[in-house]
Amino acid sequence: MGEEEKNENRTHDRRDWIRWLFIGLGILFLLLVVFHGPLLRAVIRTVAVKFAAGQNLKLDFQLSGDPLDQITLRNVHAAPTGPTAVRALDAGEVKLDYSLPDLVFHGISDALKNVEAHDVTAVIDSSQAPVPTPTPATKQKVSLPAYFPDRLVMSNVNVTIRKPAEDMVIKNLNLGLYPKREGALRIDKIAIPGVNTWTNITATTTYADKNLYLHNLTLDQNNKFETVNIDASQMGKGKLGVNFKGTLGGGEVASRIELSTEGKTYGTTTSVHAKDISLAKLGELVGKSAGELSGEVKNADIELKCSLDEP
């Protein structure tokens with residue numbers, strides 16, 4: 001066999017090896033495409049169950065969806081197995097849509113696209129939580145919660161927070177926040193021990209670019225808000241705005257609060273205007289007995305700018 005023929009055979013063998021390598025990689029890719037869903041769902045289930053077990057909870061649920069961009073949990077049930085603040089948790093359906101590229105390149109504030117929670121019942125009792133292990137105090141850089149999705153839908157959400165004298169209760173909370181159309185807020189009942197109980201709370205909502213407006217929020221006859229605004233559009237930059245305007249204690253009130261992260265503390269700018277506030281009616285709102293507060297605030301303007309770690 002000549003030298004030229006040997007070289008041709010080596011080249012042919014090398015090409016065969018490369019061809020089979022690509023064939024193998026292609027088969028592996030196809031297997032991952034076909035089976036990545038079941039594999040990733042199995043991983044998610046295992047991690048979730050182990051994490052819950054670490055919090056003294058036995059967790060069970062049905063999982064579906066493509067974990068690369070969406071998961072749906074159904075028939076969620078969590079029960080305590082030891083000291084934990086969560087005494088019961090049940091949910092008919094919880095759905096999450098997200099973008100992994102946005103998570104990598106922009107962070108959690110841009111990753112959540114859609115969150116839905118339906119038929120949820122939770123019972124919380126902080127007195128049953130395990131005693132925390134003391135750790136050395138360290139002052140780290142502060143941040144604002146960034147878990148504001150582009151779209152949020154909640155229906156029949158019920159929360160009970162155990163208290164020594166009386167429970168705090170949120171009954172049948174329904175909320176729709178849509179980026180391109182109006183939604184609604186409806187709550188059958190909110191009971192806050194030592195403060196007040198409100199029923200049949202309603203409002204309309206708008207939520208363009210994560211800038212939430214509640215319009216015509218009615219608590220009771222003396223406490224109504226034309227607008228409540230929570231601007232989370234700059235949350236990824238460490239800025240949050242809260243504004244409201246309406247009647248409180250039978251009088252007019254308007255407030256603007258801007259909160260921002262400043263290294264290891266929070267900076268805040270607050271502006272409050274109040275007019276013709278009945279302290280007696282305001283006392284009823286915060287659970288004071290008749291006659292405990294009296295008088296009237298004719299006009300008050302308050303401007304504050306400070307860091308929250310300063311007196």
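Predicted model: local features only at pLDDT ≥ 70, side-chain atom pairs only at ≥ 80, totals over all residues.
**Group meeting: contacts and surfaces in the model**

Residues are numbered from 1 along each chain as its sequence is written, and side-chain values use heavy atoms, with hydrogens and water left out.

I will stay with Arg162 for a moment, since it forms a salt bridge with Asp167, the closest N and O atoms being 2.6 Å apart; by salt bridge I mean a side-chain nitrogen of Lys or Arg within 4 Å of a carboxyl oxygen of Asp or Glu. Asp167 is itself partly exposed, with a relative accessible area of 22%. By this rule the count comes to eight salt bridges. Another of them joins Lys113 to Asp102, with 2.8 Å between the closest N and O atoms, and this pair links distant parts of the chain, Lys113 being in strand β4 (residues 112–124) and Asp102 in helix α2, 11 residues apart. Helices (H or I, at least four residues) and strands (E, at least two) are DSSP runs, numbered from the N terminus. Lys113 is partly exposed at 27%, and a network of salt bridges links Asp102, Lys113, Asp150 and Lys210. I would also mention Glu296 and Lys298, whose salt bridge has its closest N and O atoms 3.1 Å apart; here Glu296 counts as partly exposed at 44%, whereas Lys298 is exposed at 56%.

Stepping back to the whole protein, the secondary structure comes to four helices and 14 strands, and of the 311 residues 28% count as buried. Taking a contact as heavy atoms within 4.5 Å, residues 24 or more positions apart account for 44% of the contacts with a separation of 6 or more. The protein exposes about 19700 Å², of which carbon and sulfur atoms supply 59%; these areas come from the Shrake-Rupley method with a 1.4 Å probe, and for residues only the protein chains shown count as cover.

Now to the interior. A nonpolar core is a set of buried Ala, Val, Leu, Ile, Met, Phe, Trp, Tyr and Cys residues joined through side-chain atoms within 4.5 Å. In the largest one, which has 33 residues, Leu185, Leu214 and Leu217 touch the most other members. Setting aside residues up to four places away in sequence, Leu214 touches Leu185, Ala203, Thr204, Thr205, Glu226, Thr227 and Val228. A second, separate core has five residues, among them Ala232, Met235, Leu240 and Leu259.

Ser307, in strand β14 (residues 296–307), counts as buried at 12%, and its C-alpha is separated by 5.6 Å from that of Tyr266, 41 residues away along the chain.

How many aromatic pairs are there? The count comes to one, where rings of Phe, Tyr and Trp (its six-membered ring) pair if their centres lie within 6.5 Å, planes under 30 degrees apart being stacked, over 60 edge-to-face and the rest tilted. The ring centres of Phe225 and Phe244 are 5.7 Å apart and the planes stand at 90 degrees, so the pair is edge-to-face. Phe225 lies in strand β10 (residues 223–231) and Phe244 in strand β11 (residues 239–248), so the pair ties together parts that are 19 residues apart in sequence. Phe225 is buried at 12%, while Phe244 is partly exposed at 25%.

Finally, the surface. Leu40, Leu68, Leu100, Leu103, Val104, Phe105, Ile108 and Tyr147 form a nonpolar patch with about 800 Å² of accessible area together. Patches are made of residues with over 30% relative accessible area and no salt bridge, like charges being joined within 9 Å and nonpolar side chains (Val, Leu, Ile, Met, Phe, Trp, Tyr) within 5 Å. Helix α2 (residues 100–106) supplies the largest share of the patch, four residues, whereas Leu68 lies in the loop between β1 (57–64) and β2 (70–80) and is partly exposed at 43%.

Methods: Buried < 20%, exposed > 50% of the residue type's maximum accessible area, 1.4 Å probe, protein only.
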